[in-house]
Amino acid sequence: TGANLRIFARNVSKIQDLKDEKTSIFSEIKETVQNADYIIFCLTEDSIVEKAFMEVVSEPYHATILDFGTSSPGLTEKMHSESLKRGFRFIDSPMTGSKIAADKGEILFMVGASAEDFQNCNFIWEACGKKIIHCGDVGNGQLMKITLNMMQAGLAQVYMEGLILGKKLGLDLDYTLSLHDALPISEERRV
């Protein structure tokens with residue numbers, strides 16, 4: 001996109017390979033987000049997300065905050081409400097995909113945002129992902145991610161039960177596993 005990237009990491013040494021002329025790495029959140037137009041969170045759990053978020057909104061930056069992680073609906077609503085009170089824009093856009101998909105720019109984003117914010121930030125998701133789904137208002141991205149996780153868990157359970165059935169019926173497990181690649185589900189439709 002041509003933008004400068006400023007990355008915060010709790011363990012800076014783990015991401016030094018990302019540093020270049022357009023990418024700076026910081027160990028302090030406030031230093032990272034200074035003068036930013038867009039602030040992206042991709043953190044692991046609600047307590048960590050909330051702490052980082054509160055540190056960001058304690059300053060009058062007036063940026064757009066995007067949460068790429070899977071945060072709880074309650075925290076998402078809190079961050080949205082606090083953002084509005086403090087002059088920030090807020091978008092929830094949890095993602096799904098493996099590390100390999102991320103490296104290839106093939107992440108799926110489920111976005112909860114106003115139509116205007118969705119349009120204004122679309123270049124960010126396009127730079128990172130393969131598929132972007134606007135799920136409606138703020139909060140709906142997280143709700144869609146929870147729904148997707150439930151669907152994937154159900155599919156995994158049924159898949160495993162099929163393997164167990166095949167084994168109990170005396171089928172060779174290697175043959176049963178080879179069916180997976182022959183299934184009539186295209187690679188593009190697998191999440």
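Mentor: We begin with a definition: helices are DSSP runs of H or I of at least four residues, numbered from the N terminus. The model is a predicted one. With that convention, E82 and R86 both lie in helix 3, four residues apart, or about one turn of the helix.

Trainee: How far apart are the closest N and O atoms of E82 and R86?

Mentor: Both residues belong to helix 3, with a separation of four residues. E82 counts as buried, at 15% relative accessibility, whereas R86 is partly exposed at 31%. Together with K85 they are linked in a network of salt bridges. In the bridge between E82 and R86, the closest N and O atoms are apart by 2.8 Å.

Trainee: Which residues form one aromatic cluster with F53?

Mentor: Beyond its neighbours within four places in sequence, F53 is in contact with F41, I65, M79, E82, S83 and F90. The residues that form one aromatic cluster with F53 are F41 and F90.

Trainee: Why does the salt bridge between K78 and E50 tie together separate parts of the sequence, and how many residues apart are they?

Mentor: The closest N and O atoms of K78 and E50 are 2.3 Å apart. K78 lies in helix 3 and E50 in helix 2, so the pair joins parts whose separation in sequence is 28 residues.

Trainee: Is the pair of rings of Y38 and F123 stacked or edge-to-face?

Mentor: Y38 lies in strand 3 and F123 in helix 5 (residues 115-128), so this pair ties together parts that are 85 residues apart in sequence. The ring centres are 5.5 Å apart and the planes stand at 75°. Planes over 60 degrees apart count as edge-to-face. The pair of Y38 and F123 is therefore edge-to-face.

Trainee: What is the area of the nonpolar surface patch that includes Y159?

Mentor: Y159 has its place in helix 6 and is partly exposed, with a relative accessible area of 32%. Helix 6 (140-168) and helix 7 (173-182) each supply at least two residues of the patch. Made by Y159, M160, L173 and L177, the patch has an area of about 340 Å².

Key: Residues numbered from 1 in each chain as written. Predicted model: local features only at pLDDT ≥ 70, side-chain atom pairs only at ≥ 80, totals over all residues. Heavy atoms only, no water. Contact = heavy atoms within 4.5 Å. Patch = residues over 30% accessible without salt bridge, like charges linked within 9 Å, V, L, I, M, F, W, Y side chains within 5 Å. Areas by Shrake-Rupley, 256 points an atom, 1.4 Å probe, with all protein chains shown as cover. Salt bridge = Lys/Arg side-chain N within 4 Å of Asp/Glu carboxyl O. Buried < 20%, exposed > 50% of the residue type's maximum accessible area, 1.4 Å probe, protein only. Phe/Tyr/Trp six-rings, centres within 6.5 Å; stacked < 30°, edge-to-face > 60°.
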